[in-house]
Amino acid sequence: MNHETIMQVENLKVHFNVSSEGDMPWTKRKKLQAVNGVSFELKSGETLGIVGESGCGKSTLARAIISMVHSETGRVLWFGKDLLALQKTEMRKHRKEIQMIFQDPLASLNPRMTIGEIIAEPLKTHYPKTSKADIKARVEDVMNKVGLLENLINRYPHEFSGGQCQRIGIARALILKPKLIICDEPVSALDVSIQAQVINLLMELQKEMDLTLIFIAHDLSIVKHISTKIMVLYMGNMVELAKSEDIYNHPRHPYTQALISAVPIPDPTIEKNKNLILIEGDLPSPINPPSGCVFRTRCKKAQDICSQEKPEFNEAGSSHEVACHFHD
């Protein structure tokens, strides 16, 4: 099946101006490099997994893609149209095609609204002329899709468990029948058994509704289960991008290798004897990142060239790219 390219992200950078404690009003504020030159392409029906430790820029990247945060430079091409160059009124037309599921299921829901009102809100916003009968029918239909009973439509978010609240968030994202859903760590606040249910639900909905997903997480075992390809971020920099099986079977970047080695293995004998790669040292400040390769201060392979030159993204095999001077 031929999958068309629906999104191209080119050299996206997000920097925040921050001040330190004790700075005077006239003190020049420093730049925090949250996302630093990320590029990738997304085809219809794919799931791009984005992984990395906390603070690496995963959520900021997701928000920059849909203009929730300002980007310094770069382009986000959605079917060839640059979303970052659009005015707010023009961007609003495309928001119904790209929806988002947030990390904290309960905090993302308005406690004063019933779940029927919450799920229907995007529909009322983008299609205000829709009749009440059609809205109710659409809400009940999408509730059935995510495994929520129709008789719960008039209940409030506090009456539901975390897993049910996330299903409500998924239903709200689906009501507009989007082409792309960005899942910002949608299962990190849930129990392990509930995580599996939500992941399986997303995969079923993807097949049923022909969805494209961007799935953000720090748990590599979850990302492997759902993703077509995986991007690894470190301090806002993309260090490796490849198909899911290639990342897990043949990780090339030292940071990726360390992350893969930390994934638990169900077999206790193999888990006990596996080669665990530890990342030494502290995470550098994103306000004052290391010169050259940002990972060099914690990398056992680092040499002089790593401090002098930032590694370019090079092909390390078919559809496998890595930013490391010594990836071979």
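The structure holds 4 aromatic pairs, where rings of Phe, Tyr and Trp (its six-membered ring) pair if their centres lie within 6.5 Å, with planes under 30 degrees apart counted as stacked, over 60 as edge-to-face and the rest as tilted. The pair of tryptophan 78 and phenylalanine 79 is edge-to-face, because the ring centres are 4.9 Å apart and the planes stand at 85°. Tyr234, Tyr255 and Phe295 form one aromatic cluster.

This is a predicted model, in which local features need pLDDT of at least 70 and side-chain atom pairs count only at pLDDT 80 or more, while totals for chains, interfaces and linings use all residues. Residues are numbered from 1 along each chain as its sequence is written, and side-chain values use heavy atoms, with hydrogens and water left out.

Accessibility is given as relative accessible area, where buried means under 20%, exposed over 50% and partly exposed in between (1.4 Å probe, protein chains only).

| Residue | Relative accessible area | Class |
|---|---|---|
| Tryptophan 78 | 2% | buried |
| Phenylalanine 79 | 38% | partly exposed |
| Histidine 15 | 17% | buried |

Histidine 15 lies in strand S1 (residues 5-18); helices (H or I, at least four residues) and strands (E, at least two) are DSSP runs, numbered from the N terminus.

Strand S6 (residues 98-101) is covered on both faces, with Ile98 and Met100 buried on one side and Gln99 and Ile101 buried on the other. In a regular strand the side chains alternate between the two faces of the sheet. S6 pairs with strand S7 (residues 180-184) in the parallel sense over 4 bridges, given that two strands pair if DSSP finds at least two bridges between them. Within S7, isoleucine 181 stands opposite glutamine 99.

A nonpolar core is a set of buried Ala, Val, Leu, Ile, Met, Phe, Trp, Tyr and Cys residues joined through side-chain atoms within 4.5 Å. The largest one has 60 residues, and Ile170 and Phe215 have the most contacts inside it. Helix H5 gives the largest share of this core, 6 residues. A second, separate core of 32 residues includes Val35, Leu48, Trp78 and Ile216.

Arginine 172 is found in H5 (residues 162-174). Arginine 172 is buried yet has no salt bridge, and the nearest side chain of opposite charge, glutamate 121, is 5.4 Å away. Here Lys and Arg count as positive and Asp and Glu as negative, with His and the chain ends not counted, and a salt bridge is a side-chain nitrogen of Lys or Arg within 4 Å of a carboxyl oxygen of Asp or Glu.
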